Amino acid sequence: MKPSIESAGDSFPREERVLPRHVGIIMDGNGRWAKQRGLPRSLGHRAGAINFKKIARYGSSIGLEYMTVYAFSTENWKRPEEEVGALMVLFKQYLKDALRDFLKERIKIHFLGDTSVFSPDLRELIQETEEAAKQQEGMILNIAMNYGGRSEIVHAVRQLARQVQEGSLSPRDIDEEALSSHLYTAGQPDPDLIIRPSGEYRTSNFMLWQAAYAEYIIMEDILWPDFTPEHLEWALDEYARRNRRFGGI
């Protein structure tokens, strides 16, 4: 689906458009962006990280309640060691920036995924960021790091199984609500809209349970570092045109 930026917003005056409560973004295409310019992949990730801050701020400014960005998957550890190392350095820098910038703008940061595998200094930054965010009241920004939809479901099932084993939960009481309450996004609404730039047509193990009825928008020929607030506005207008039936007629 190729966005027509010129037409963004034509059909939906801003005061009438219904926004999704929760937007997910698969930040895809950093490496290809760098390759097209003859640059190291690490510089593509740096450009993508800079853009992430811009889009998160814009989403907050227009009234989005929740935004989830896919930063580092459980499968990304398979990438070259040099690239993974550069990403870890980048995460540290941008978490420091988040403590300074996002919190001033009342953006509440939350992390999805198994963060126990990261280095002690990165884990400390993650904990410090989440603690500081508890005092915020603005948009909740979920950053998915070492995250995979399948591993998230397995993690939730293990917690439920442990409760059954301890006798605090009956198997008959395990339903969709019970499982949802043990996901990393417990207490949050499921994503209404998931956006993927770069033209790849797959979920890439992102929010598999929560995205059961999410609207997907795939943006061709747009790599994440080039994704602009205008692209987000186009996607929000496209979402507003959708007729969400949730399995009904």
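A: The sheet is open, has 6 strands and pairs in parallel, in the order β3-β4-β2-β1-β5-β6. Strands here are DSSP runs of E, at least two residues, and helices are runs of H or I, at least four residues, numbered from the N terminus. Two strands pair if DSSP finds at least two bridges between them.

Q: Which are the edge strands?
A: β3 (108-112) and β6 (215-219), and each of them pairs on one side only.

Q: And what does the twist average?
A: From one strand to the next, 20°. Axes are lines fitted to C-alpha atoms, for helices over the stretch in contact, and angles run from 0 to 180 degrees between N-to-C directions.

Q: Before I go on, where does the model come from?
A: This is a predicted model: local features need pLDDT of at least 70, side-chain atom pairs count only at pLDDT 80 or more, and totals for chains, interfaces and linings use all residues. Residues are numbered from 1 along each chain as its sequence is written, and side-chain values use heavy atoms, with hydrogens and water left out.

Q: How many bridges join β5 to β6?
A: 5, with β5 covering residues 193-197 and the two strands running parallel. Leu-193 has Glu-215 as its bridge partner in β6.

Q: Which strands does helix α2 lie across?
A: Helix α2 (residues 41-61) lies across β1 (22-26), β2 (66-73) and β4 (140-147). Its direction is about 165° to β2.

Q: Switching to the inside. Which residues touch the most other members of the largest nonpolar core?
A: Phe-52, Met-67 and Leu-141, in a core of 40 residues. Helix α3 (residues 81-100) gives the largest share, 6 residues. A nonpolar core is a set of buried Ala, Val, Leu, Ile, Met, Phe, Trp, Tyr and Cys residues joined through side-chain atoms within 4.5 Å. Buried means under 20% relative accessible area, with a 1.4 Å probe and protein chains only.

Q: What is Leu-141 in contact with?
A: Leaving aside neighbours within four places in sequence, its contacts include Phe-52, Ala-56, Met-67 and Phe-102. Contact means heavy atoms within 4.5 Å.

Q: Which residues does the second core include?
A: Ile-26, Leu-112, Ile-194 and Ala-214 are among its 11 residues, and this core is separate.

Q: How much of the protein counts as buried?
A: 48% of the 249 residues.

Technical notes. Buried < 20%, exposed > 50% of the residue type's maximum accessible area, 1.4 Å probe, protein only.
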